[in-house]
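Biologist: I have a protein model to go through with you. Could you take my questions one at a time?

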Protein chains: 2
Amino acid sequence: MAVTSWVPVAEGSHFPVQNLPYGVFSHAEEEPRVGVAIGDHVLDLAPLAASEWADFASVFAAPSLNPFLALGSRAWHAVRQWLTERLTDETYRALVESELIPLDQVRMHLPFEVADYVDFYASEHHARRLGRLFRPDEPPLPANWRHLPIGYHGRAGTVAVSGTPVIRPDGQRRTPGSTSPSFGPTAQLDLEAEIGFVIGTPTVRGQQVGVDDVREHVFGAVLVNDWSARDLQSWEARPLGPFLGKSFLTSISPWVVPLDALDGAMVAPPTQEPPPLSYLRGEHDFGLDLDLEVRLNGHVVARPQYAGMYWTPAQMLAHLTSNGASLRTGDLIASGTVSGPGEDECGSLIEITSGGSTPIVLPDGTTRSFLEDGDEVIVQATAPALDGARLGFGAVTGRVRPASHGSAPAPTGAPEPAVAP
Amino acid sequence: MAVTSWVPVAEGSHFPVQNLPYGVFSHAEEEPRVGVAIGDHVLDLAPLAASEWADFASVFAAPSLNPFLALGSRAWHAVRQWLTERLTDETYRALVESELIPLDQVRMHLPFEVADYVDFYASEHHARRLGRLFRPDEPPLPANWRHLPIGYHGRAGTVAVSGTPVIRPDGQRRTPGSTSPSFGPTAQLDLEAEIGFVIGTPTVRGQQVGVDDVREHVFGAVLVNDWSARDLQSWEARPLGPFLGKSFLTSISPWVVPLDALDGAMVAPPTQEPPPLSYLRGEHDFGLDLDLEVRLNGHVVARPQYAGMYWTPAQMLAHLTSNGASLRTGDLIASGTVSGPGEDECGSLIEITSGGSTPIVLPDGTTRSFLEDGDEVIVQATAPALDGARLGFGAVTGRVRPASHGSAPAPTGAPEPAVAP
């Protein structure tokens, strides 16, 4: 039977005691500090630590999780055990209850300072669909795709917390049929539903992290929406990859779910054929059984399953460090768009609408090829806990605002599909 | 006639009083702090400021330039004027002389904390040569190349100061003629001689930096050696661009040359045809007349001219922010390899040796297609000052060490050229 907390947790809450995700919150006029979500409350960790475990008081009074992340896996486990006891054993109620603040009274901040941001491309279904749209003259899956987890560096400085407005980016793009490019607001603003993994314990240059050592370095996971301007991206990306089509904003959820909370979600990944090279083969399964859900203006447009992702987070990390590249506390390693084989499992609009050629019809009768000004996107995910309970990541949300320089393009009922340059 | 300092400056020194580059040094057992190079000395700024201009004492006692960079262009100009007076007016000699430390007694550190690292691809000659080698079936210059400065994000966490050992990276690569990849030390370790521009004044998300506003944001410039593993790069880079072939190490010079010191080096860039879109057109020329020199084991292998770079730093910055991506203090924006049309103007070995097919013969009779263990690379650059003096960037150096996991590949007299996947 599932463990319960003396804190009331509503049926279906993302934050049962099996989760205990960490975030940075502020309350009233006070400074941002570290908290843990439980039900509809945030537990204010700095004062609790001050009275019970003074070593951690300053770590939890910090305005980011980085000092806690840097302490390493023994500290993470110890604190998790301490908090689990305090929240399940009724005898601690008097002590702890005064440090609970209703979630609707706090403001959430970026949970950690992002060091480097790397985005992978780990879904075969996403890679195939984008290959067909962006490179119609080539095989959809690049020759290297089944041999290594393809990834690239994104812009760490524009990773922002859920709820940050999505200002429609301007940019250079070449519209289909035109021979020369023009500059203006993107006409193909898209979302990408992803899971991101947060590095706690750093490494030194030259050190390779083995595929079975990932838990020594990865603290936890967040939801990621890697907003994309497809017209900018398709025009700029050869030969050095995506750049301004991505770098205007990447949103992450305010709560970091500890890897320990995802023990019940560990599953075998899909069969990898051909078998990867030995540095990408490990003893432990590191697929994750996460159910994602993408809503556009309240309407569910996709339910991707993370379990179908071809490359695991452990393989991504082993590959990322295989050249000796060092890790820093706060590195964010995202999966790439989570997409499955089904039409309802696409983690981006460019897949759902086949490059804009088959728009979605929303319940209000309007259609969408890509995002319009005012649209709101909400990405969520849930996972099984070891004891049968179910936990969640909260949400990463964003609403589209008009371009700051120039006007948004007119909505296009049936635009031409995104094409490669 | 050129201004001179009362500090002795040897003929040909990179650090006359016209330069005054900033760096972070440590002396004896003391903490790292900010200094300025003059001749063969470093001027210890924290104690000088403490006695003369207390507002700046803590800024210069910091172990990185970031606090100073964040103060903005008015502070940069004021401090430069103050230092110029102190170092040219003999009456300050008694005050200042005690804060001079011989350069050979200090250790240099990474001069600033790198926020995001972006690398451009601004030399047409480099882009054409690499296009021919990596994508022999396509036109050497991508269709977008003359319309926008192509760039991508690199790994900020592996930017290190000059002198950091270059550990030969392991990685996955597919050797020519083989159908499947293997893992091991790169056989195609290369250098890339570049200039990097350092952001001082940040922006907010949504703000576009105009092509004529670059001096409000860029503090100065450094030498960059963007070490590259060509076999890893050519196998991994489709479709998301370079990743592990670059991310193991990027070296920068310890001295940041203020943009104000480069006023005498500002020249018109090459004619841009077709004319770029208006957001990339400005009133001011921002080409830079810099002479680069690349030495391999002491032997000069290239003398690239920065003045021939197609895209200017001002255009790179305007493009980088055209989608509203924000800048942070410490962002590093590199030019990409500086290469000219001549055979002796190639800023990378892959160009000099045509992908390894025409090795260099060194004075000791050995040949090089790519770098071997023990090789040392030194990149330097000089520039004219406004008054006829000549100044320099110092140097960015690195020596190759064997791979940490596994042995280096046997030297190959005439390897097959690097080919695209």
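Modeller: Start with A:Thr337. Leaving aside neighbours within four places in sequence, A:Thr337 is in contact with A:Ser123, A:His126, A:Glu192, A:Ala193, A:Glu194, A:Met309, A:Gly347, A:Ser348 and A:Glu351. Keep in mind that this is a predicted model.

Biologist: Is A:Thr337 buried or exposed?

Modeller: Look at the relative accessible area of A:Thr337, which is 1%. Buried means under 20%. So A:Thr337 counts as buried.

Biologist: Which side chain is joined to that of A:Thr337 by a polar contact of 3.3 Å?

Modeller: A:Thr337 lies in the loop between strand S22 (332-334) and helix H9 (349-352) of chain A. A polar contact needs a pair of N or O atoms within 3.5 Å. At 3.3 Å, the partner of the A:Thr337 side chain is that of A:Glu192.

Biologist: Which UniProt annotation covers A:Thr337?

Modeller: The UniProt entry is unreviewed. Its annotation also covers A:Tyr121, A:Arg135 and A:Gln233. For A:Thr337, the annotation reads "binding site".

Biologist: In which helix is the place of A:Gln233?

Modeller: A:Gln233 is buried, with a relative accessible area of 7%. Not counting residues up to four places away in sequence, A:Gln233 touches A:Phe134, A:Ser228, A:Pro242, A:Gly245 and A:Lys246. Its helix covers residues 230-236 of chain A, and that is H7.

Biologist: How far apart are the end C-alpha atoms of residues 118-400 of chain A?

Modeller: UniProt, in an unreviewed entry, places the feature "domain: Fumarylacetoacetase-like C-terminal" at residues 118-400 of chain A. The span is 11% helix and 30% strand. Its end C-alpha atoms lie apart by 24 Å.

Biologist: What is the volume of the largest cavity?

Modeller: The structure holds 11 cavities of 30 Å³ or more. The largest cavity is lined by 13 residues. A:Ile167, A:Phe248, B:Gly206, B:Asn323 and B:Gly324 lie nearest its centre. The volume of the largest cavity is about 90 Å³.

Biologist: How many residues in the lining of the second largest cavity are charged?

Modeller: About 70 Å³ of space lies in the second largest cavity. Its lining includes A:Arg205, A:Asn323, B:Pro165 and B:Phe248. The lining residues divide into 5 nonpolar and 3 polar, and the number charged is 1.

Biologist: How many residues in the lining of the largest cavity are charged?

Modeller: Sort the lining residues of the largest cavity by kind. There are 5 nonpolar and 5 polar residues. The count of charged residues in the lining of the largest cavity is 3.

Terms used
Residues are numbered from 1 along each chain as its sequence is written. Chains are lettered from A and ligands numbered from 1 in the order in which they are written. This is a predicted model: local features need pLDDT of at least 70, side-chain atom pairs count only at pLDDT 80 or more; totals for chains, interfaces and linings use all residues. Side-chain values use heavy atoms; hydrogens and water are left out. On a 1 Å grid over the protein atoms alone, a cavity is a set of points where a 1.4 Å probe fits but cannot get out, and a pocket is an open set with protein on both sides within 12 Å along at least five of seven lines; lining residues have an atom within 4 Å of a point. Grid points are joined across faces, edges and corners, and a volume is the space filled by probe spheres set on the points. Ala, Val, Leu, Ile, Met, Phe, Trp, Tyr, Cys and Pro count as nonpolar, Asp, Glu, Lys and Arg as charged, and the others, Gly among them, as polar. UniProt positions are given in the numbering used here, feature names are shortened, and annotations may be inferred rather than shown by experiment. Helices (H or I, at least four residues) and strands (E, at least two) are DSSP runs, numbered from the N terminus. Buried means under 20% relative accessible area, exposed over 50%, partly exposed in between (1.4 Å probe, protein chains only). Contact means heavy atoms within 4.5 Å. A polar contact is a pair of N or O atoms within 3.5 Å; within protein, one must be able to donate a hydrogen and the other to accept it, and residues adjacent in sequence count only if both atoms are side-chain atoms.
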